[in-house]
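Please examine the sequence and the structure shown below.

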Amino acid sequence: MNDMSFKTVFTPPEPLAIKSHPHKIVAKNVDVYYGEKHAIHNLSITIPDKAVSALIGPSGCGKSTFLRSINRMNDTIPSCRITGTITFDGQSIYDKAVDVVDLRARIGMVFQKPNPFPKSIFENVAYGPRIHGLAKDKTDLERIVTESLKRASLWEEVKDRLSHPGTGLSGGQQQRLCIARAIAVDPEVILMDEPCSALDPIATARIEELIHDIKEKYCIVIVTHSMQQAARVSDLTAFFHLGILVEVGDTDVLFTNPQDKRTQDYITGRFG
Amino acid sequence: MPELARSPRTIRRYRNETIFRWLCVCAIGITAIFLVFLLANLTIKAIPALTQKTITLAIKIDPEKVDAANVAAGDFPAFLKDSISAEFPETTDKSEIKKLAKLISSSVVEDLQRKVTAQPSLIGQTISVNAPLTADADSFLKGIQATVSPTGDNSEFEEAALQTLQKQGKIQSPFAWSLLTNGDSRAPEKAGLLGAFMGSLYIILITLVLALPLGVSAALYLEEFARKNRFTDLVEVNINNLAAVPSIIFGLLGLAVFLNIFGLPRSSPLVGGLVLALLVLPTIIIASRAALRSVPPSIKEAALGVGASHQQAIFHHVLPLAMPGILTGTILGVARALGESAPLLMIGMVAFIADVPTKITDAATALPVQVYLWSSLPEAAFRSRTSVAILALLIMLLCFNALAIWLRKRFERRW
């Protein structure tokens, strides 16, 4: 490979999804290292608000790393080091003045494996609002829990058993519970790290439907291995390869008319 | 179908499996035999000590020999002698009556004095007393001692008298409550386990109160907050080494530090608890770290993901999930401390202490040390009391382990 491979390639013209939406998260010249390992090379991307952005690419390409950099989950890994800037509503999230706890309250996260707390369904959703003091009293808390479960389209299935353990639900229900838990703290951004990889196709379809329903309220960033999923749910798609952001484009454009050879090879299934 | 018939290889495989299974059964069997032998041996030896031969005596509190104004000066042994001679009207010789009175435990006279002091109106009345016999008389009647005199002196007179009393049905053998209600004593029939039990209880409480918070905090720090560097590696290696240090070393440390430098009271449960807390601290830290590590990281990530601080994630989610493991490790560590005697010897808890400790700075001993003390005494009665003490210790350990299992079940959560 040559110099080309270390350069982020932005494809002109600017994607419509970025142009037509407010810019929620802007990353500029971001490099991420795990100890000696250089996980992300000089990444620059703009993520639009009220839209779904999908990060695709083969395993180990840095898409999850980038996702975890957005809400600073990488802080928990001692060897991780980040340079460059990531701004959230114009404010640098790695600024000394930014409190990581407040940041994570505004940038929620849903993980690959459903990870409800080993507590009741109600407690799972109520935990976030409780620690952030979002509810004025008990009825207010109940309202938040109900609304969050409704928005995560789980309410009908669990309304009679809110005191049952969250871990007793099926995998798909658990994942929707995790989405409800993320929604409950009223975030602006929801990061999803392969939220459907542990689910069956029917549960996956429900989650995708849910993403579609809530996207006009949130800025959603989803990491996925499934190109079909990216094509189905996202407005903007970013293709990562070996720690490099290869191509960003409107989803329909990127999948039908990729500019880069690597993108083309990947989406046509020639490597990955 | 010949293809499915057992080939020689398959047959060999099945044979190996059978042999292995039988070896395992043998291992279990041998262990069980040892355990049964130990318990049966202890129980058989302990049975004689569980009952105490007593004789019902009518004791007249003679107003001529005791003054209500000065009860302490009263001649209480004389009351006992009088009532004994009433039992044996044909015996008139003073020395023989004295011999007979010596068959009755001295606790009778002490009790009598205490009773009359508390209630002077008893003077002049006749009270019926269930008087325990001395351990020698008791052992003779139970057949574990051939003669009443332990030294083999001539004691035919006493033996004949005891046999007469037994034939007359005047001797009962109720349960020896003194084992549970008395402190230690030189006289076996008066010796009980309460002092050692209370000593052990105080020690364990102090150990638990000190070692649990310290151990869990240390484990939390090492597991969740400490940076991984040379220093924490060193700490970790040292903790693992400390867990293997012989317990007597901790006793010497306690002697040098707590007694000689800080001047804490010798033989006190306070110092015992401090020393044993040091002893179990590494065990608790190791168990707690293992328990903390076994909590899936996804739970902590979930908490961090909704904006919990590191500390909230740990205290709301990780620690509660690790609690069963921590408690199990702690209780097993404390149970080990409960059975330790060597470090307690070093800090003077091996002394003969007759009083039941009432506070943590009183001189006291502990159950395992009591076992050690009694086992070195020559009397046959102490031999069986040693077995009782061992059984008491085992029962206490069993209770602790049962508690550990109950707590684990109680706190256990699945995810």
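**Loops of chain A**

Leu242(A) sits in the loop that connects strand 9 (236-241) and strand 10 (244-250) of chain A. The model is a predicted one. Leu242(A) has a phi near 50°, which is a positive value in a residue other than glycine. Leu242(A) counts as partly exposed because it has 18 C-beta neighbours inside 10 Å, and a residue must have 20 or more to be called buried.

- Ser153(A) also belongs to a loop, the one between helix 5 (138-151) and helix 6 (155-158) of chain A.
- The phi of Ser153(A) is near 45°, again a positive value in a residue other than glycine.
- Ser153(A) is partly exposed, because 17 other C-beta atoms lie within 10 Å.

**A hairpin in chain A**

- Strand 1 (residues 23-34) and strand 2 (residues 37-48) of chain A run antiparallel and are joined by eight bridges.
- One of the residues involved is His23(A), whose bridge partner in strand 2 of chain A is Pro48(A).
- Two residues lie between the strands of this hairpin, and Gly35(A) takes a positive phi near 60° there.

**The sheet of chain B**

- Strands of a sheet pair through backbone hydrogen bonds, either parallel or antiparallel.
- In chain B, three strands form an open sheet in the order 2-1-3, with antiparallel pairing.
- Strand 2 (126-132) and strand 3 (171-172) of chain B stand at the edges; each has a single partner strand, so one side of each has no neighbour in the sheet.
- Strand 1 (residues 54-60) of chain B pairs with strand 3 of chain B in the antiparallel sense over two bridges.
- Ile55(B) has Ile171(B), in strand 3 of chain B, as its bridge partner.

- Helix 16 of chain B contains 32 residues and reaches 47 Å from its first C-alpha to its last, which is close to the 46 Å expected at 1.5 Å a residue.
- The buried residues of helix 16 of chain B include Ala380(B), Phe382(B), Arg385(B), Val388(B), Ile390(B) and Leu393(B).
- Among the elements that cover these buried residues are helix 1 (8-50), helix 5 (135-142), helix 7 (178-181) and helix 15 (367-375) of chain B.
- Arg410(B) lies in helix 16 (residues 380-411) of chain B. Arg410(B) is exposed, because 10 other C-beta atoms lie within 10 Å, and a residue with 12 or fewer counts as exposed.
- Arg410(B) and Leu210(B) are 200 residues apart along the chain, and their C-alpha atoms are separated by 24 Å.
- The domain assignment divides chain B into domain 1 (51-175) and domain 2 (194-411). The centres of these two domains of chain B, taken over C-alpha atoms, are separated by 46 Å.

**The contact between chains A and B**

- The contact takes 21 residues from chain A and 18 residues from chain B.
- On the side of chain A that touches chain B, at least two residues each come from helix 3 (100-106), strand 6 (107-110), helix 4 (121-132) and helix 7 (171-184) of chain A.
- Helix 4 of chain A gives the most to this side, with four residues.
- The residues on this side of chain A divide into 12 nonpolar, six polar and three charged.

Terms used
Residues are numbered from 1 along each chain as its sequence is written. Chains are lettered from A and ligands numbered from 1 in the order in which they are written. This is a predicted model: local features need pLDDT of at least 70, side-chain atom pairs count only at pLDDT 80 or more; totals for chains, interfaces and linings use all residues. Two strands pair if DSSP finds at least two bridges between them. Two residues are in contact if their C-beta atoms, placed from the backbone, lie within 7 Å. Ala, Val, Leu, Ile, Met, Phe, Trp, Tyr, Cys and Pro count as nonpolar, Asp, Glu, Lys and Arg as charged, and the others, Gly among them, as polar. The expected span of a helix is 1.5 Å times one less than its number of residues. Domain bounds come from an automatic or database domain assignment.
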